[in-house]
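Subject: Structure handover

Hello,

Please find the structure below. My notes on it follow.

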Amino acid sequence: MLQFLVDTVLRASDLALIALGLSMLYGLVKFPNVAHVQYAMFGAYATYALHSSGVPLVAALLIASVLTGLLTLVLHVLVFRRLLRGGPAIAMIGSLAIAMLVIAGMQGLAGSFPRMFNLPRVEPLVLGGARIAHTQLYMIGTTAVLLALFVLLLFYTRLGRAMRALASNGMLANASGLNAEHITYFVSFSAGAIAGLGGSMLALSTGAHINLGNDLLLPVFAAAILGGLGNPLGAVVGALLIAITETAVTNINFGMFFGRELVFMPVAYISAASFLILLLALLFKPYGLFDREVRRV
């Protein structure tokens with residue numbers, strides 16, 4: 001049971017930061033950016049390139065996050081700001097094109113072979129029978145700290161109040177003297193940097209590979225929709241629920257239903273679990289679990 005909890009928290013930390021950035025940006029620009037998960041893939045490759053060239057791991061993570069944030073900001077200024085003039089549907093289709101271009105560009109630069117980080121071998125920690133690697137423990141700690149900082153920013157700073165005001169009513173926020181363009185730039189950069197960091201931390205365990213973004217697409221969007229698109233903290237809760245479902249699929253023993261001692265679902269069925277949660281959310285809770293807040297926004 002303890003290992004199940006550890007695996008759930010690890011998976012939630014993989015999804016939470018990326019889903020947070022996706023939902024945070026949606027609250028301002030009002031379109032689902034399909035390319036957002038590819039920023040995580042870009043950050044993973046950037047971290048690998050920096051670390052393999054001799055940059056210390058922590059510095060590589062920070063630099064790659066900044067580079068990913070700058071990429072996100074440049075794309076917003078040069079591409080998405082113009083696409084939004086045609087409406088959110090046009091912007092979403094454009095984001096799909098951007099996603100394909102990012103994949104093609106990274107595949108041309110790095111190839112399709114996974115790039116594994118050269119990290120020192122350390123015995124995992126054993127906590128009550130559950131095993132967790134030191135890198136994974138640092139990932140959970142980093143995610144928790146960033147989420148706490150985001151809550152402080154959103155609810156206890158002037159910038160956070162401006163972000164919430166702009167997400168709630170952009171026209172009224174502009175009339176009140178808020179600089180909506182600068183706030184959107186800040187959120188675009190922050191969302192990209194957070195996605196890059198999330199992808200980089202995930203790559204420390206799985207390696208940087210060209211399908212990293214595609215593998216995250218469904219669970220991240222399912223988490224964001226489940227929590228209510230435009231509700232960043234709801235997206236974090238959604239990520240936790242998705243993580244519980246995905247972990248349960250591969251950890252529950254279904255032997256009793258087949259008359260056998262041990263029957264477990266293949267890992268490939270993790271995606272099916274995300275599909276199921278996403279479908280149920282769209283059928284019964286299209287505005288997410290926190291629908292009142294989303295309707296207000």
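How many of the 27 residues of H8 are buried? The count is 21, so H8 is largely enclosed by the rest of the structure. Buried means under 20% relative accessible area, exposed means over 50%, and partly exposed lies in between (1.4 Å probe, protein chains only).

This is a predicted model: local features need pLDDT of at least 70, side-chain atom pairs count only at pLDDT 80 or more, and totals for chains, interfaces and linings use all residues. Residues are numbered from 1 along each chain as its sequence is written, and side-chain values use heavy atoms, leaving out hydrogens and water.

Helix H8 covers residues 180–206 and reaches 38 Å from its first C-alpha to its last. That is close to the 39 Å expected at 1.5 Å a residue (1.5 Å times one less than the number of residues). Helices are DSSP runs of H or I with at least four residues, numbered from the N terminus. After H8 comes Gly207, with a positive phi near 90 degrees.

Gly192 is in H8 and is buried, at 0% relative accessible area. Leaving aside neighbours within four places in sequence, Gly192 is in contact (heavy atoms within 4.5 Å) with Thr68, Gly69 and Thr72.

There are 2 salt bridges (a side-chain nitrogen of Lys or Arg within 4 Å of a carboxyl oxygen of Asp or Glu). In one, Glu246 pairs with Arg11, with the closest N and O atoms 2.7 Å apart. Glu246 is in helix H10 and Arg11 in helix H1, 235 residues apart. Both residues are buried. Glu181 forms a salt bridge with Arg81 at 2.8 Å between the closest N and O atoms. Glu181 lies in H8 and Arg81 in H3, so this pair ties together parts 100 residues apart in sequence. Glu181 is partly exposed at 38%, and Arg81 is partly exposed at 33%.

Regards

Technical notes: Helix = DSSP H or I, 4+ residues; strand = E, 2+ residues; numbered from the N terminus.
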